[in-house]
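Try each task yourself, then follow the solution step by step.

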Amino acid sequence: MSTPGALFIFDAKGWGWWNVALGASLILTAVALFSGATWARVVAVVVAGLSAVVQLMLIPAQPWCP
């Protein structure tokens, strides 16, 4: 259930911080990929997939959606 003014779990500010955290983890994973860490391949796929799902969950908050 969603409450008025909330986007699924968080409000818009909470989703912003969630995106900042995902972005920071993507940057750290990219640094690990470029340094040759093999574990970073799996982490990159998982975090990128999670980021894609989060971006799709934000579609209802876009100003062009009725």
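**Exercise 1.** Decide whether Thr29 is buried or exposed, and find what Thr29 touches beyond its neighbours in sequence.

*Solution.* Start with the surface. Thr29 has a relative accessible area of 5%, so Thr29 is buried (buried means under 20% relative accessible area, exposed over 50%, and partly exposed in between, with a 1.4 Å probe and protein chains only). Finally, look for partners. Once neighbours within four places in sequence are set aside, Thr29 is in contact with Ala40, Val43 and Ala44 (contact means heavy atoms within 4.5 Å).

A note before you go on: this is a predicted model, in which local features need pLDDT of at least 70 and side-chain atom pairs count only at pLDDT 80 or more, while totals for chains, interfaces and linings use all residues. Residues are numbered from 1 along each chain as its sequence is written, and side-chain values use heavy atoms, leaving out hydrogens and water.

**Exercise 2.** Describe how α1 and α2 are arranged relative to each other.

*Solution.* Two packed helices are described by the angle between their axes and the distance between the axes. Here α1 covers residues 12-35 and α2 covers residues 39-57; their axes come within 9 Å and cross at roughly 155° (axes are lines fitted to C-alpha atoms, for helices over the stretch in contact, and angles run from 0 to 180 degrees between N-to-C directions). That angle makes α1 roughly antiparallel to α2 (the word applies to angles over 145 degrees). Now list who makes the contact: among them are Trp15, Leu22 and Thr29 of α1, and Val43, Val47 and Ser51 of α2. Sorted by type, the residues of this contact are 15 nonpolar, five polar and one charged (Ala, Val, Leu, Ile, Met, Phe, Trp, Tyr, Cys and Pro count as nonpolar, Asp, Glu, Lys and Arg as charged, and the others, Gly among them, as polar).

**Exercise 3.** Which residues do Val47 and Ser51 touch?

*Solution.* Take Val47 first. Val47 is found in helix α2 and is buried, with a relative accessible area of 12%. Leaving aside neighbours within four places in sequence, Val47 is in contact with Leu22, Ser25 and Leu26. Val47 and Leu22 are 25 residues apart in sequence, with 7.2 Å between their C-alpha atoms. Then turn to Ser51, which also lies in helix α2 and is buried at 14% relative accessible area. Not counting residues up to four places away in sequence, Ser51 touches Leu22 and Leu26.

**Exercise 4.** Is Val42 buried or exposed?

*Solution.* Val42 is placed in helix α2. With a relative accessible area of 56%, Val42 is exposed. From C-alpha to C-alpha, Val42 and Thr29 are 9.7 Å apart in space and 13 residues apart in sequence.

**Exercise 5.** Summarise the chain as a whole: how many helices and strands are there, and what share of its residues is buried?

*Solution.* Count the elements: the chain has two helices and zero strands. Then take the share: buried residues make up 20% of the 66 residues.

Note on methods:
Helices (H or I, at least four residues) and strands (E, at least two) are DSSP runs, numbered from the N terminus. Angles under 35 degrees count as roughly parallel, over 145 as roughly antiparallel, 65 to 115 as roughly perpendicular and the rest as oblique.
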